[in-house]
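The following note collects points for a colleague who wishes to read this model alongside its sequence. The points proceed from confidence to folds, and then to the contacts between chains.

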Amino acid sequence: MNESLLSIQDLYIKIKAGEKTLLRNVHIEVNKGEIVGLIGESGSGKSLTARAIMGLLPHGMNINGRILFKNSDLVKISTEEHRQLLGNEIGMIFQDYRGSFTPFIKIGKQMVETICTHQKVRKKEAQNIALQVLDEMGLDSKRVYLSYPFQLSGGQLQRASIATAISLKPSLLICDEMTTALDVMNGEKVLHYIDKVRKETGCAVLMITHDLAQAYKRTDRMYVMNQGEIVEEGLPEQIRCHHQHPYTKKLCSCLLALPGETLVTERVISV
Amino acid sequence: MSLVVEGLFKQYSKQVQALNHISFRVNEGECIGIVGESGSGKSTLGRILLGLETYKEGSITYHGKTIAPRKRSDLRQFRKSVQMVFQDSTSTLNPKLPIWKSLLEPLDNFKEITPSFLKVEGLTRKEIAQELLEIVGLDKEMVDRYPGELSGGQKQRVSIARAISIEPSLLVCDEPTASLDVTVQVQILRLLKELQKKTNMTILFISHDIRAVSFLCDKVMVLKDGSIVDQFELSEIYDEGRHPYTKALIQAASIE
Amino acid sequence: METAMMKTSRLIRNPNMSIGIVLALFLAGVTFFGGAFVPHDPFQIDMNNRLQGMSSEHLLGTDQLGRDVFSRIIYGAKLTIGLGMFAIVMAICIGVPIGLLSGYIGGKIDAFFMRIIDGILAFPDFILAIAIAGMLGPSLTNIIIAIVLVRWIVYARVVRGLVLAEKEKEYVLVSKVSNSSSFKTIRMHLLPQVMPDIIVMAAIDVGKVILLISALSYIGLGAQPPIPEWGAMLNDGRGYFQVVPSLMIYPGLAIMLTVLCCNLLGDGLKSYFDIRKGRDGL
């Protein structure tokens with residue numbers, strides 16, 4: 001399973017005017033079927049990285065380096081090809097779950113539309129796929145299918161949007177702060193299903209978050225980002241207990257311990 | 001017993017029950033965490049305690065006095081000793097007013113109060129505002145700035161300074177860290193803890209983050225669908241007798 | 001914090017705004033000092049010089065009674081623009097407090113004012129103004145009363161809407177929790193929030209109201225002859241339109257210029273405040 005799926009190499013992003021560098025020398029590897037965490041505070045460049053992969057950078061930005069996805073370089077391909085990739089190969093889930101569906105159209109209809117635009121299937125088949133993926137997400141598929149977005153809770157909506165993304169069977173799922181707007185229990189549920197989907201379909205997940213507890217628990221590997229640079233990477237235990245970089249240390253010390261929980265074994269190292 | 005809530009009941013409509021006969025007691029100087037998901041009624045509880053919303057049944061007693069909703073004279077006395085810090089750092093300060101004006105609003109309304117931690121004599125109003133800012137660890141210079149020029153954490157510090165300026169004996173915090181970055185969250189929590197030690201005020205800390213609650217509070221109350229399902233001392237958090245919902249919450253927040 | 005100079009320069013950089021300001025300065029000059037430069041008495045009838053064309057003595061010619069058109073337009077500026085502004089100020093003075101109270105306090109007060117407003121809004125404002133002015137009798141005072149009665153509603157409604165959106169914001173709640181009286185909360189937090197919108201609306205509205213005054217005068221409900229109000233002048237010139245169209249063209253141009261100025265100022269102010277809003281939101 002150690003086949004590389006997405007490989008970001010020497011990625012630089014600059015604002016054209018003013019020569020301000022937003023991302024500097026970013027390296028990220030995502031292998032097939034892996035959950036990779038990208039953590040950092042707001043403004044660290046996490047979301048910008050995601051947008052670069054999706055080809056959704058705002059105007060006025062220069063991009064340098066390589067983003068290899070299944071051996072094609074996403075930096076060089078045309079917008080048209082990029083659009084083909086989005087959805088079919090790369091799915092994205094955003095923080096703002098309210099924005100993922102149009103408010104006045106039933107969720108089922110929107111899902112069918114999405115499936116039909118990306119894949120050559122008939123409407124009937126698309127419906128079946130939609131119902132099936134909603135089921136997989138642990139939702140009452142019939143009810144959700146016939147609901148308008150405002151009739152569902154935040155957690156349900158977020159799971160529905162994941163359902164939409166995985167209905168296209170992407171090989172990479174990018175989750176940008178997808179649990180931030182949800183509370184702990186709903187977030188946990190959403191993450192549980194992401195994990196399940198990963199195990200079942202073998203799609204890789206790039207999980208962008210600032211929630212350390214989640215990242216420790218759910219990821220196979222994680223990257224720490226600060227001010228546009230990857231400052232550290234490693235296994236969750238490595239980052240948690242044996243971090244090297246001062247910024248990682250600062251970030252890790254911000255995770256408050258539950259009673260009786262040891263988060264950092266750092267003292268042992270320093271002695 | 002400083003704050004006693006008995007049988008508090010609130011309904012928005014027939015279907016939506018915000019609070020279902022809630023009763024609890026808070027001792028002087030305690031720090032109570034109220035945990036629950038969105039929709040559990042935890043924010044409604046905070047708003048009712050502050051008199052921002054009315055309630056149908058039940059009673060709230062503070063230091064032996066009953067607080068009736070809609071009675072202005074009662075509320076004034078009550079608000080002298082109770083303040084609130086809100087969730088959204090972006091809208092907690094009026095964007096059109098300089099910081100010092102926002103900061104001094106409570107003190108202006110309660111002219112009879114002089115905070116014991118300040119030597120107010122001979123100070124201009126702006127200087128009082130500067131002192132308040134220093135207490136929450138902000139730069140004096142900020143008094144003349146506008147909220148748009150401050151970061152989220154700074155704004156939240158200003159609103160904490162504003163809340164403690166009249167030395168409330170009860171401070172209700174409604175998810176004060178939810179809109180902030182992780183590193184800033186910890187700073188704000190530390191500040192609250194430090195202020196609590198200094199002034200010995202009672203804190204009701206409403207949050208969905210059980211980690212934050214266990215950092216700050218001695219007692220935890222778990223709210224679900226408008227009812228209190230569990231209530232315990234922090235030291236008993238892993239007891240077998242915990243409600244399944246509490247266990248689920250802890251499990252969700254844990255890293256294993 | 002921005003200095004006053006930076007603010008001004010940002011205000012002027014907007015092309016709409018700068019043209020608007022130039023026009024406004026010009027109109028203000030005419031309104032305040034025009035009287036000193038008027039070559040003729042605007043009320044002086046000279047039957048020997050009726051319906052003259054342009055000449056060095058009568059810059060824009062004379063009307064059917066031989067009065068100097070140029071002088072009448074200058075003199076009329078004071079009347080038309082002054083009355084328009086006065087009407088708006090009155091409408092704001094009535095509408096804004098009602099909107100603030102209605103939105104903030106809500107309940108019965110809100111229901112009461114909203115029913116009145118809904119009732120009045122059921123009629124187009126021009127028709128209503130005609131009806132009121134017609135009932136009160138034709139005179140300038142009465143059409144101003146009619147216009148104020150029609151226009152305050154707009155302000156009350158807009159302010160109420162803004163207040164409803166704003167009053168659930170946390171700083172307003174904090175103000176309540178700090179035991180500020182309703183009056184103080186409104187003055188300290190809500191009024192400054194609605195002010196920019198009021199100013200923009202007022203700038204555009206002055207133009208509308210001037211049109212309304214002129215229109216009412218044109219149909220004979222407002223200014224009565226010989227008062228040189230622009231709408232009334234249009235009415236005067238109507239009978240001679242085929243012979244001397246300039247009698248209607250010049251007052252018409254004056255009205256157009258004023259309304260244009262108001263709209264430009266309004267648009268400019270709007271984008272100015274929008275930028276400010278965006279900055280505050282950061």
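**Notes on the predicted model**

1. Confidence in chain B. Among the elements of chain B, the lowest mean pLDDT, 78, belongs to helix α2 (residues 72–81) of chain B, and the highest, 92, to strand β8 (residues 202–207) of chain B. This is a predicted model, and chain B as a whole has a mean pLDDT of 85. In chain B, 97% of the residues reach 70 or more. Where pLDDT is low, the predicted coordinates should not be read in detail.

2. Overall form of chain A. Chain A contains 11 helices and 10 strands. Its radius of gyration is 19 Å, close to the 18 Å that the globule rule gives for 271 residues, so chain A is as compact as a globular protein of that length. The C-alpha trace of chain A spans about 65 × 50 × 35 Å along its principal axes. Of the 271 residues in chain A, 42% are buried. Among the contacts in chain A with a separation of 6 or more, 66% are between residues 24 or more positions apart.

3. The four-stranded sheet of chain A. Four strands of chain A form an open sheet in the order β2-β1-β4-β5, with antiparallel pairing. Its edges are β2 (21–31) and β5 (72–73) of chain A; each has a single partner strand, so one side of each is left without a neighbour in the sheet. Strand β1 (residues 4–15) of chain A is joined to strand β4 (residues 61–69) of chain A by eight bridges in the antiparallel sense. The bridge partner of K14(A) in β4(A) is N62(A). Helix α1 (residues 46–54) of chain A packs on this sheet and touches β1, β2 and β4 of chain A. The direction of that helix makes about 70 degrees with that of β2(A).

4. The four-stranded sheet of chain B. In chain B an open sheet of four strands has the order β2-β1-β4-β5, with antiparallel pairing. Here β2 (17–26) and β5 (65–66) of chain B stand at the edges with a single partner strand each, so one side of each has no neighbour in the sheet. Strand β4 (residues 57–62) of chain B and β5(B) run antiparallel and are joined by two bridges, with T61(B) opposite T66(B). Helix α1 (residues 42–49) of chain B lies across β1 (3–11), β2 and β4 of chain B, at about 65 degrees to β2(B).

5. Strand β3 of chain B. How many residues of strand β3 (residues 31–35) of chain B are buried? Five of its five residues are buried. From β3(B), C31(B), G33(B) and V35(B) point one way, while I32(B) and I34(B) point the other way. In a regular strand the side chains alternate between the two faces of the sheet. β3(B) pairs in the parallel sense with β8(B) over five bridges, and four bridges join β3(B) to strand β9 (residues 219–224) of chain B, also parallel. I34(B) stands opposite I206(B) in β8(B) and opposite M221(B) in β9(B).

6. Contact between chains A and B. Two pairs of chains are in contact, and chains A and B share the most contacts. At this interface, 19 residues of chain A are in contact with 22 residues of chain B. On the chain A side, α7 (184–201), α8 (212–218) and α10 (246–253) of chain A each supply at least two residues. The residues on that side divide into 10 nonpolar, four polar and five charged. Chains A and C have no contact, and their closest C-alpha atoms lie 14 Å apart.

7. Contact between chains C and B. Here 18 residues of chain C are in contact with 20 residues of chain B. Helices α7 (170–177), α8 (182–218) and α10 (246–281) of chain C each supply at least two residues of the chain C side, and α7(C) gives the most, with seven residues. This side of chain C divides into seven nonpolar, six polar and five charged residues.

8. Helix α7 of chain C. Eight of the eight residues of α7(C) are buried, so α7(C) is largely enclosed by the rest of the structure. Among these buried residues are E170(C) and K176(C). The cover over them includes α2, β6 (82–85) and α4 (105–109) of chain B, together with α6 (140–166) and α8 of chain C. Just after α7(C), N179(C) takes a positive phi of about 65 degrees.

Conventions
Residues are numbered from 1 along each chain as its sequence is written. Chains are lettered from A and ligands numbered from 1 in the order in which they are written. This is a predicted model: local features need pLDDT of at least 70, side-chain atom pairs count only at pLDDT 80 or more; totals for chains, interfaces and linings use all residues. pLDDT is the predictor's confidence in each residue, from 0 to 100. The radius of gyration is taken over C-alpha atoms; the globule rule is 2.2 Å times the number of residues to the power 0.38. A residue is buried if 20 or more other C-beta atoms lie within 10 Å of its own, exposed if 12 or fewer, and partly exposed in between; C-beta atoms are placed from the backbone. Two residues are in contact if their C-beta atoms, placed from the backbone, lie within 7 Å. Two strands pair if DSSP finds at least two bridges between them. Axes are lines fitted to C-alpha atoms, for helices over the stretch in contact, and angles run from 0 to 180 degrees between N-to-C directions. Ala, Val, Leu, Ile, Met, Phe, Trp, Tyr, Cys and Pro count as nonpolar, Asp, Glu, Lys and Arg as charged, and the others, Gly among them, as polar.
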